[in-house]
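Take a look at the model below. We will walk through it one piece at a time.

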Amino acid sequence: QVQLVESGGGLVQPGGSLRLSCAASGSIFSIYGMGWYRQAPGKQRELVAGITSGGITKYADSVKGRFTISRDNAKNTVYLQMNNLKPEDTAVYYCNADIQTTVEVVGYWGQGTQVTVSS
């Protein structure tokens, strides 16, 4: 069994910062790509940022220059540093990881963490 556990969400004022963490645990052989997605009410889930096992990153245009994704492979953890937050960043943020347990590689999701940006 593999679990992804997120933490770090909350309520923040516009212009503020939050740092999300997502730790993978269980019968893990290797972790490939990891990423953060978000889903606002009434909208589809969208990719926010992704990072390969080698550290190559990509970002949605809406968060470039404000968000930074990173990972600690020794801890099986991915982070999302969010700066200069805007009300439109309000959403449930989900962690995703492509994890090899035995033979196959499966995409796993965390339970989601709420981020609310409001004054």
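**A disulfide and the sheet around it**

A search of the whole structure finds one disulfide, meaning a pair of cysteine sulfur atoms within 2.5 Å. This is a predicted model: local features need pLDDT of at least 70, side-chain atom pairs count only at pLDDT 80 or more, and totals for chains, interfaces and linings use all residues. Residues are numbered from 1 along each chain as its sequence is written, and side-chain values use heavy atoms, with hydrogens and water left out.

The disulfide joins Cys22 and Cys95, with 2.1 Å between the sulfur atoms. The torsion about their S-S bond is about -80 degrees, so the disulfide is left-handed. Cys22 sits in strand β3 (residues 18-26) and Cys95 in strand β9 (residues 91-100), so the pair ties together parts that are 73 residues apart in sequence. Strands here are DSSP runs (E, at least two residues), numbered from the N terminus. Are the two cysteines buried or exposed? Cys22 is buried, at a relative accessible area of 0%. Cys95 is also buried, at 0% relative accessibility. Buried means under 20% relative accessible area, exposed over 50%, and partly exposed in between, using a 1.4 Å probe and protein chains only.

Now follow β3 into its sheet. Four strands form an open sheet in the order β1-β3-β8-β7, with antiparallel pairing. β1 and β7 stand at the edges with a single partner strand each, so one side of each is left without a neighbour in the sheet. The twist averages 15 degrees from one strand to the next. For that angle, axes are lines fitted to C-alpha atoms, and angles run from 0 to 180 degrees between N-to-C directions. Two strands pair if DSSP finds at least two bridges between them. In a regular strand the side chains alternate between the two faces of the sheet.

**Inside the sheet: β8**

β3 and β8 run antiparallel and are joined by six bridges. Cys22 stands opposite Val78 in β8. Arg19 has Gln81 as its bridge partner in β8. On the β7 side, strand β7 (residues 67-72) pairs with β8 in the antiparallel sense, over six bridges. There, Thr68 stands opposite Gln81. So which residue of β8 has a partner named in both places? Gln81 is the bridge partner of Arg19, and Gln81 also faces Thr68.

How many of the six residues of β8 are buried? Five are, so the strand is largely enclosed by the rest of the structure.

The hairpin of β7 and β8 has four residues between the strands, and Asn76 takes a positive phi near 55 degrees there. Next comes Thr77, in strand β8 (residues 77-82). Thr77 counts as buried at 8% relative accessibility. A polar atom of its side chain lies 2.8 Å from the backbone oxygen of Lys75. Leaving out residues up to four places away in sequence, Thr77 touches Cys22, Ala23, Met34, Ser70, Arg71 and Asp72. Contact means heavy atoms within 4.5 Å.

Val2 is in strand β1 (residues 2-7). At 11% relative accessibility, Val2 counts as buried. Val2 and Ser25 are 23 residues apart in sequence, yet 5.6 Å apart in space, C-alpha to C-alpha. Beyond four places in sequence, the contacts of Val2 include Ser25, Ile28, Ile99 and Tyr108.

**Salt bridges**

The count of salt bridges comes to four. Each is a side-chain nitrogen of Lys or Arg within 4 Å of a carboxyl oxygen of Asp or Glu. Asp89 forms one with Arg38, the closest N and O atoms being 2.9 Å apart. Asp89 lies in the loop between β8 and β9 and Arg38 in strand β4 (residues 30-39), so the pair ties together parts that are 51 residues apart in sequence. Asp89 is buried, at 1% relative accessible area. Arg38 is buried too, at 6%.

Asp89 also meets Arg66 in a salt bridge (2.8 Å, N to O). Arg66 lies in the loop between β6 (57-59) and β7, 23 residues from Asp89. Arg66 counts as buried at 8% relative accessibility. Arg38, Glu46, Arg66 and Asp89 are linked in a network of salt bridges.

Lys64 and Asp61 form another salt bridge, with 3.1 Å between the closest N and O atoms. Asp61 is exposed, at 64% relative accessible area.

Methods: Polar contact = N/O pair within 3.5 Å; in protein donor to acceptor, adjacent residues only side chain to side chain.
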